[in-house]
Amino acid sequence: MLLNQFLLLAAVLFCLGVYGVLARKNAMLVLMSIELILNAVNINLVAFGALNDDVGGAVFALFTIAVAAAEVGIGLAIVLLMYRNRRSIDLTQVDLLKG
Amino acid sequence: MSALLAAASADMDLYVAQNIFFGVIAALMIYAAFRVVTTANVVHAALWLVVVLSGVAVQFIFLGAEFVAVTQVLVYIGAVVVLFLFGVMLTRASMGADESVASEKRTMAAIVGVLLFSVMAFSLIHTFEDTRLVIDEPQSTALLSDSIFSQYIVPFEAVSVLLLAALIGAIVVARRD
(Lines give C-alpha, C1' and ligand atoms only; values in the text may rest on other atoms or scores of the structure.)
Protein backbone atom coordinates (compact mmCIF):
# COMPACT_ATOMS: atom_id res chain seq x y z
CA MET A 1 0.00 0.00 0.00
CA LEU A 2 1.18 3.52 -0.74
CA LEU A 3 1.21 6.20 1.93
CA ASN A 4 -0.32 8.70 -0.47
CA GLN A 5 -3.57 6.83 -0.99
CA PHE A 6 -4.41 7.23 2.70
CA LEU A 7 -3.24 10.84 2.83
CA LEU A 8 -5.25 11.80 -0.28
CA LEU A 9 -8.38 10.10 1.08
CA ALA A 10 -7.93 12.06 4.33
CA ALA A 11 -7.47 15.27 2.33
CA VAL A 12 -10.76 14.67 0.49
CA LEU A 13 -12.60 14.06 3.77
CA PHE A 14 -10.99 17.15 5.34
CA CYS A 15 -12.03 19.40 2.45
CA LEU A 16 -15.58 18.06 2.45
CA GLY A 17 -15.70 18.82 6.18
CA VAL A 18 -14.44 22.36 5.61
CA TYR A 19 -17.09 22.83 2.93
CA GLY A 20 -19.75 21.62 5.38
CA VAL A 21 -18.61 23.94 8.17
CA LEU A 22 -18.68 26.94 5.83
CA ALA A 23 -21.87 26.21 3.87
CA ARG A 24 -24.24 24.73 6.46
CA LYS A 25 -26.71 26.82 8.45
CA ASN A 26 -27.94 24.16 10.87
CA ALA A 27 -25.71 23.96 13.97
CA MET A 28 -26.11 20.16 14.19
CA LEU A 29 -24.84 19.73 10.62
CA VAL A 30 -21.86 22.00 11.34
CA LEU A 31 -20.94 19.76 14.30
CA MET A 32 -21.15 16.70 12.03
CA SER A 33 -18.84 18.37 9.51
CA ILE A 34 -16.34 19.01 12.32
CA GLU A 35 -16.41 15.27 13.02
CA LEU A 36 -15.46 14.65 9.38
CA ILE A 37 -12.45 16.95 9.77
CA LEU A 38 -11.31 15.26 12.99
CA ASN A 39 -11.59 11.81 11.38
CA ALA A 40 -9.47 12.93 8.43
CA VAL A 41 -6.81 14.04 10.90
CA ASN A 42 -6.98 10.66 12.64
CA ILE A 43 -6.36 8.79 9.38
CA ASN A 44 -3.28 10.96 8.85
CA LEU A 45 -1.97 10.33 12.37
CA VAL A 46 -2.35 6.55 12.10
CA ALA A 47 -0.88 6.48 8.57
CA PHE A 48 2.23 8.37 9.64
CA GLY A 49 2.51 6.15 12.70
CA ALA A 50 2.45 3.12 10.40
CA LEU A 51 5.02 4.74 8.11
CA ASN A 52 7.51 5.34 10.94
CA ASP A 53 6.61 2.07 12.66
CA ASP A 54 5.91 4.10 15.78
CA VAL A 55 3.07 3.63 18.23
CA GLY A 56 2.79 7.40 18.84
CA GLY A 57 0.50 7.94 15.87
CA ALA A 58 -2.11 5.55 17.22
CA VAL A 59 -1.79 7.03 20.74
CA PHE A 60 -2.44 10.53 19.49
CA ALA A 61 -5.34 9.26 17.35
CA LEU A 62 -6.86 7.93 20.59
CA PHE A 63 -6.33 11.34 22.23
CA THR A 64 -8.04 13.00 19.26
CA ILE A 65 -11.00 10.64 19.65
CA ALA A 66 -11.29 11.60 23.33
CA VAL A 67 -11.09 15.31 22.55
CA ALA A 68 -13.69 14.89 19.79
CA ALA A 69 -16.05 13.20 22.24
CA ALA A 70 -15.62 16.09 24.69
CA GLU A 71 -16.16 18.58 21.86
CA VAL A 72 -19.40 16.94 20.78
CA GLY A 73 -20.70 16.94 24.36
CA ILE A 74 -20.02 20.63 24.89
CA GLY A 75 -21.14 21.52 21.35
CA LEU A 76 -24.48 19.77 21.77
CA ALA A 77 -25.00 21.47 25.16
CA ILE A 78 -24.42 24.84 23.52
CA VAL A 79 -26.79 23.96 20.65
CA LEU A 80 -29.46 22.88 23.16
CA LEU A 81 -29.07 26.16 25.06
CA MET A 82 -29.33 28.07 21.80
CA TYR A 83 -32.50 26.19 20.89
CA ARG A 84 -33.99 26.85 24.32
CA ASN A 85 -33.32 30.58 24.16
CA ARG A 86 -34.09 31.29 20.52
CA ARG A 87 -36.30 28.36 19.35
CA SER A 88 -33.98 27.88 16.40
CA ILE A 89 -30.52 26.49 15.71
CA ASP A 90 -30.00 28.47 12.53
CA LEU A 91 -26.48 29.87 12.74
CA THR A 92 -27.23 32.78 10.43
CA GLN A 93 -29.65 34.16 13.03
CA VAL A 94 -27.09 34.11 15.84
CA ASP A 95 -25.62 37.54 15.14
CA LEU A 96 -26.04 39.47 18.40
CA LEU A 97 -22.36 40.38 18.43
CA LYS A 98 -22.46 41.73 14.89
CA GLY A 99 -21.73 45.45 14.91
CA MET B 1 2.60 12.50 -10.45
CA SER B 2 3.78 9.92 -13.03
CA ALA B 3 6.00 8.29 -10.41
CA LEU B 4 2.98 8.05 -8.12
CA LEU B 5 0.88 6.41 -10.85
CA ALA B 6 3.68 3.98 -11.71
CA ALA B 7 4.12 3.09 -8.04
CA ALA B 8 0.35 2.69 -7.66
CA SER B 9 0.12 0.27 -10.59
CA ALA B 10 3.12 -1.71 -9.31
CA ASP B 11 1.47 -1.83 -5.89
CA MET B 12 -1.77 -2.94 -7.52
CA ASP B 13 0.05 -5.97 -8.99
CA LEU B 14 1.50 -6.85 -5.59
CA TYR B 15 -1.49 -6.39 -3.30
CA VAL B 16 -4.55 -6.91 -5.48
CA ALA B 17 -7.16 -7.62 -2.80
CA GLN B 18 -6.04 -4.81 -0.47
CA ASN B 19 -6.09 -2.24 -3.24
CA ILE B 20 -9.51 -3.27 -4.55
CA PHE B 21 -11.02 -3.13 -1.07
CA PHE B 22 -9.30 0.15 -0.35
CA GLY B 23 -10.71 1.65 -3.56
CA VAL B 24 -14.24 0.43 -2.93
CA ILE B 25 -14.28 1.63 0.68
CA ALA B 26 -12.62 4.94 -0.13
CA ALA B 27 -15.21 5.63 -2.86
CA LEU B 28 -18.03 4.75 -0.46
CA MET B 29 -16.55 7.02 2.23
CA ILE B 30 -16.18 9.96 -0.14
CA TYR B 31 -19.74 9.55 -1.41
CA ALA B 32 -21.07 9.28 2.16
CA ALA B 33 -19.07 12.32 3.30
CA PHE B 34 -20.44 14.23 0.32
CA ARG B 35 -23.96 13.25 1.37
CA VAL B 36 -23.27 14.34 4.97
CA VAL B 37 -22.45 17.86 3.84
CA THR B 38 -25.14 18.15 1.17
CA THR B 39 -28.26 16.30 2.34
CA ALA B 40 -31.08 18.46 3.65
CA ASN B 41 -32.34 15.95 6.20
CA VAL B 42 -30.46 16.07 9.52
CA VAL B 43 -31.22 12.44 10.45
CA HIS B 44 -30.01 11.24 7.06
CA ALA B 45 -26.82 13.25 7.55
CA ALA B 46 -26.23 11.49 10.89
CA LEU B 47 -26.78 8.09 9.26
CA TRP B 48 -24.41 8.90 6.37
CA LEU B 49 -21.92 9.96 9.04
CA VAL B 50 -22.11 6.39 10.39
CA VAL B 51 -20.98 5.12 6.97
CA VAL B 52 -18.01 7.51 6.94
CA LEU B 53 -17.00 6.59 10.49
CA SER B 54 -17.16 2.85 9.75
CA GLY B 55 -15.05 3.46 6.65
CA VAL B 56 -12.48 5.25 8.79
CA ALA B 57 -12.43 2.24 11.14
CA VAL B 58 -11.75 -0.02 8.13
CA GLN B 59 -8.88 2.26 7.08
CA PHE B 60 -7.42 1.88 10.58
CA ILE B 61 -7.56 -1.91 10.11
CA PHE B 62 -5.74 -1.51 6.78
CA LEU B 63 -3.08 0.49 8.62
CA GLY B 64 -2.71 -2.21 11.25
CA ALA B 65 -4.06 -0.12 14.13
CA GLU B 66 -6.73 -2.50 15.34
CA PHE B 67 -7.17 -1.00 18.82
CA VAL B 68 -7.82 2.43 17.31
CA ALA B 69 -10.33 0.85 14.92
CA VAL B 70 -12.25 -0.78 17.77
CA THR B 71 -12.19 2.46 19.76
CA GLN B 72 -13.46 4.29 16.69
CA VAL B 73 -16.45 1.97 16.47
CA LEU B 74 -17.16 2.13 20.21
CA VAL B 75 -16.76 5.86 20.73
CA TYR B 76 -17.88 7.32 17.42
CA ILE B 77 -20.57 4.99 16.15
CA GLY B 78 -21.64 3.90 19.62
CA ALA B 79 -21.64 7.22 21.44
CA VAL B 80 -21.12 10.27 19.25
CA VAL B 81 -23.72 9.42 16.61
CA VAL B 82 -26.25 8.49 19.29
CA LEU B 83 -25.53 11.84 20.92
CA PHE B 84 -26.15 13.54 17.57
CA LEU B 85 -29.46 11.74 17.15
CA PHE B 86 -30.46 12.80 20.68
CA GLY B 87 -29.52 16.36 19.81
CA VAL B 88 -31.67 16.24 16.68
CA MET B 89 -34.55 14.85 18.75
CA LEU B 90 -34.24 17.49 21.49
CA THR B 91 -33.90 20.47 19.17
CA ARG B 92 -36.42 19.17 16.65
CA ALA B 93 -33.86 20.43 14.17
CA SER B 94 -35.91 20.88 11.03
CA MET B 95 -36.28 17.27 9.90
CA GLY B 96 -37.55 18.30 6.50
CA ALA B 97 -35.83 19.98 3.61
CA ASP B 98 -35.21 23.51 4.79
CA GLU B 99 -31.54 23.87 3.94
CA SER B 100 -32.02 27.10 2.04
CA VAL B 101 -28.40 28.17 2.11
CA ALA B 102 -27.66 31.23 0.05
CA SER B 103 -26.14 29.89 -3.15
CA GLU B 104 -23.46 32.57 -2.92
CA LYS B 105 -22.28 31.22 0.43
CA ARG B 106 -22.33 27.69 -0.94
CA THR B 107 -20.27 28.69 -3.96
CA MET B 108 -17.68 30.41 -1.79
CA ALA B 109 -17.47 27.36 0.49
CA ALA B 110 -17.02 25.09 -2.53
CA ILE B 111 -14.26 27.32 -3.88
CA VAL B 112 -12.47 27.25 -0.50
CA GLY B 113 -12.78 23.46 -0.33
CA VAL B 114 -11.50 22.88 -3.86
CA LEU B 115 -8.59 25.30 -3.41
CA LEU B 116 -7.64 23.71 -0.11
CA PHE B 117 -7.76 20.27 -1.68
CA SER B 118 -5.63 21.27 -4.66
CA VAL B 119 -2.95 22.76 -2.42
CA MET B 120 -2.93 19.72 -0.12
CA ALA B 121 -3.01 17.21 -2.98
CA PHE B 122 -0.16 18.97 -4.76
CA SER B 123 2.05 19.08 -1.68
CA LEU B 124 1.23 15.49 -0.65
CA ILE B 125 1.94 14.08 -4.12
CA HIS B 126 5.06 16.19 -4.39
CA THR B 127 6.42 15.20 -0.96
CA PHE B 128 5.48 11.54 -0.50
CA GLU B 129 5.45 10.60 -4.16
CA ASP B 130 5.80 6.82 -3.98
CA THR B 131 6.52 6.24 -0.30
CA ARG B 132 5.52 2.69 0.52
CA LEU B 133 3.79 1.55 3.69
CA VAL B 134 5.02 -1.83 4.87
CA ILE B 135 2.49 -3.29 7.28
CA ASP B 136 3.59 -6.80 8.19
CA GLU B 137 1.54 -7.37 11.29
CA PRO B 138 -1.03 -5.41 13.31
CA GLN B 139 0.22 -3.17 16.06
CA SER B 140 -0.07 -5.07 19.32
CA THR B 141 -2.46 -3.60 21.86
CA ALA B 142 0.01 -4.47 24.64
CA LEU B 143 2.62 -2.22 23.01
CA LEU B 144 0.07 0.56 22.66
CA SER B 145 -1.01 0.40 26.30
CA ASP B 146 2.61 0.21 27.51
CA SER B 147 3.30 3.33 25.52
CA ILE B 148 0.24 5.19 26.83
CA PHE B 149 1.02 4.39 30.44
CA SER B 150 4.73 5.20 30.27
CA GLN B 151 5.81 7.64 27.60
CA TYR B 152 2.47 9.39 27.13
CA ILE B 153 1.21 9.30 30.72
CA VAL B 154 1.08 13.10 31.13
CA PRO B 155 -1.05 13.79 28.02
CA PHE B 156 -3.21 10.81 28.99
CA GLU B 157 -3.93 12.32 32.42
CA ALA B 158 -4.54 15.70 30.79
CA VAL B 159 -7.12 14.09 28.48
CA SER B 160 -8.89 12.49 31.45
CA VAL B 161 -9.11 15.86 33.21
CA LEU B 162 -10.37 17.40 29.96
CA LEU B 163 -13.10 14.77 29.67
CA LEU B 164 -14.18 15.40 33.27
CA ALA B 165 -14.21 19.16 32.67
CA ALA B 166 -16.24 18.69 29.48
CA LEU B 167 -18.72 16.47 31.32
CA ILE B 168 -19.25 19.00 34.12
CA GLY B 169 -19.31 21.86 31.61
CA ALA B 170 -21.96 20.18 29.47
CA ILE B 171 -24.18 19.63 32.52
CA VAL B 172 -23.73 23.22 33.72
CA VAL B 173 -24.44 24.67 30.27
CA ALA B 174 -27.44 22.49 29.42
CA ARG B 175 -29.32 22.21 32.74
CA ARG B 176 -32.49 24.15 33.35
CA ASP B 177 -32.40 26.56 36.29
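This is a predicted model: local features need pLDDT of at least 70, side-chain atom pairs count only at pLDDT 80 or more; totals for chains, interfaces and linings use all residues.
Residues are numbered from 1 along each chain as its sequence is written, and chains are lettered from A in the order in which they are written.

Start with the interface. The size of an interface is often given as the accessible area lost when the parts come together. Between chain B and chain A, the buried area is about 6900 Å². Buried area here is the accessible area (1.4 Å probe) that two parts lose on being put together, summed over both. Carbon and sulfur atoms give 78% of it. Three residues, B:Val37, B:Phe84 and B:Leu133, supply 10% of the area that chain B buries against chain A, more than any other three residues.

Now count residues. Chain B brings 85 residues to the contact and chain A brings 67. Contact means heavy atoms within 4.5 Å. What kinds of polar link cross the interface? The rule finds 10 residue pairs in polar contact there, both residues at pLDDT 80 or more. A polar contact is a pair of N or O atoms within 3.5 Å; within protein, one must be able to donate a hydrogen and the other to accept it, and residues adjacent in sequence count only if both atoms are side-chain atoms. Salt bridges across the interface number zero.

Which elements of chain B touch chain A? Those giving two or more residues are helix H1 (2-14), helix H2 (16-38), helix H3 (42-62), H4, helix H5 (103-127), helix H6 (141-148) and H7. H4(B) gives the largest share, 13 residues. Helices are DSSP runs (H or I, at least four residues), numbered from the N terminus.

Look at the end of H4. B:Thr91 is found in this helix of chain B, which covers residues 66-91. B:Thr91 counts as buried because its relative accessibility is 2%. Buried means under 20% relative accessible area, exposed over 50%, and partly exposed in between (1.4 Å probe, protein chains only). Setting aside residues up to four places away in sequence, B:Thr91 touches A:Met28, A:Val79, A:Leu80, A:Tyr83 and A:Ile89. Within chain B, a polar atom of the B:Thr91 side chain lies 2.8 Å from the backbone oxygen of B:Gly87.

Two phenylalanines also touch the other chain. B:Phe117 has its place in helix H5 of chain B and is partly exposed, at 28%. Beyond its neighbours within four places in sequence, B:Phe117 is in contact with A:Leu8, A:Ala11, A:Val12 and A:Cys15. A:Phe63 sits in helix H3 of chain A. A:Phe63 is buried, at 9%. With neighbours within four places left out, the contacts of A:Phe63 are B:Tyr152, B:Pro155, B:Phe156 and B:Val159.

Next come charges. Side chains of opposite charge can pair when their charged atoms come close. How many salt bridges are there over all chains? The count comes to one. A salt bridge is a side-chain nitrogen of Lys or Arg within 4 Å of a carboxyl oxygen of Asp or Glu. The partners are A:Asp90 and A:Lys25, at 3.6 Å from N to O. A:Asp90 lies in the segment after helix H3 (56-86) of chain A, and A:Lys25 in the loop between helix H1 (3-23) and helix H2 (27-51), so the pair ties together parts 65 residues apart in sequence. A:Asp90 is buried at 16%, and A:Lys25 is buried at 14%.

Chain A also has some backbone angles to check. Most residues other than glycine have a negative phi. A:Asp53 has a positive phi, near 55°. A:Asp53 lies in the loop between H2 and H3 of chain A and is exposed, at 73%. A:Arg87 has a positive phi of about 60°. A:Arg87 is found in the segment after H3 of chain A and is exposed, at 56%.

Finish on the surface of chain B. B:Val172 lies in helix H7 (residues 153-174). Is B:Val172 buried or exposed? B:Val172 counts as exposed, because its relative accessibility is 52%.

Note on methods
Side-chain values use heavy atoms; hydrogens and water are left out.
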